[in-house]
Amino acid sequence: MLASEIRSGSRVLALCVLILAVGTPAATAQVAIPTLPPPVPVVVDGKTTAYLVLDLTSIICAPQPACQATLPAAASLLAKARQANAPVIYSETPTPGSTILAEVAPRPAEPKVTGRADKFYGTPLDDILKSKGIKILIIVGSAANGAVLYTAFGGNVRGYTVVVATDGISAAPFPMLLAQYQLLNQPGFANAENTPLAESKVTLSRSDLITFR
């Protein structure tokens, strides 16, 4: 009986040692940080393109310098979209006291939706877009790894082609890299080479590279 217990205990000890060894940094394979393709120029039709301004609010964006730094790019695209008569749609989180920042403030007729990270989930966003014949979404907002990432994926799932302006989104450095990588490598909707306006996928562009016609 004692010998059996010793053998059993030895097997458990050996398994524990193996688990610890595999989990140590020295035994973990080094993975190279992926590089991102550069933002690319795109030309979109204002009649079939909507501009989504996600969570650029007093609660989420105002306290974050990185988000505040994106406001000029977001405002520049807002002016382009309005000049082209493209629909502009805003999102907010359901946080009491939250207001959209003055730099990108909505006009009275521009709709707003209220939701969590995926702005399609539990909101009328898809209905609004379909009622306007929209096929392409231009997205800016905070956070890159939150509202931007999940709303872009939600758009792809529903058949929308998505353009994300990289100078109009924000997050901490690693989440920013991760979000942009994931945007181009969505499961089932990958556009790893960042081909401009790949259908039902995400293109990474920049405010000065986006043209409305």
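Is aspartate 126 buried or exposed, and what is its relative accessible area? In this predicted model, aspartate 126 is buried, because its relative accessible area of 17% falls under the 20% limit for that class.

Figure 1. A polar contact of 2.6 Å links the side chain of aspartate 126 to that of tyrosine 160. When neighbours within four places in sequence are set aside, the residues in contact with aspartate 126 are Phe120, Arg158 and Tyr160.

**Figure 2. Close-up of the disulfide between cysteine 61 and cysteine 67.** One disulfide is found in a search of the whole structure. The sulfur atoms of cysteine 61 and cysteine 67 lie 2.1 Å apart. The torsion about their S-S bond is about -110°, and the disulfide is therefore left-handed. Both cysteine 61 and cysteine 67 are buried.

**Figure 3. Close-up of the packing of helix H5 with helix H6.** Two packed helices are described by the angle between their axes and the distance between those axes. For H5 (residues 144-157) and H6 (residues 173-184), the angle is about 5° and the axes are 9 Å apart. H5 is therefore roughly parallel to H6, since angles under 35 degrees are placed in that class. On the H5 side, Ala144, Asn145, Val148, Leu149 and Ala152 meet Pro175, Met176, Ala179, Gln182 and Leu183 of H6. The residues of this contact comprise eight nonpolar, two polar and no charged.

Notes: Residues numbered from 1 in each chain as written. Predicted model: local features only at pLDDT ≥ 70, side-chain atom pairs only at ≥ 80, totals over all residues. Heavy atoms only, no water. Axes fitted to C-alpha atoms, helices over the stretch in contact; angles between N-to-C directions. Helix = DSSP H or I, 4+ residues; strand = E, 2+ residues; numbered from the N terminus. Parallel < 35°, antiparallel > 145°, perpendicular 65-115°, else oblique. Contact = heavy atoms within 4.5 Å. Nonpolar A, V, L, I, M, F, W, Y, C, P; charged D, E, K, R; others polar. Disulfide = S-S within 2.5 Å. Buried < 20%, exposed > 50% of the residue type's maximum accessible area, 1.4 Å probe, protein only. Polar contact = N/O pair within 3.5 Å; in protein donor to acceptor, adjacent residues only side chain to side chain.
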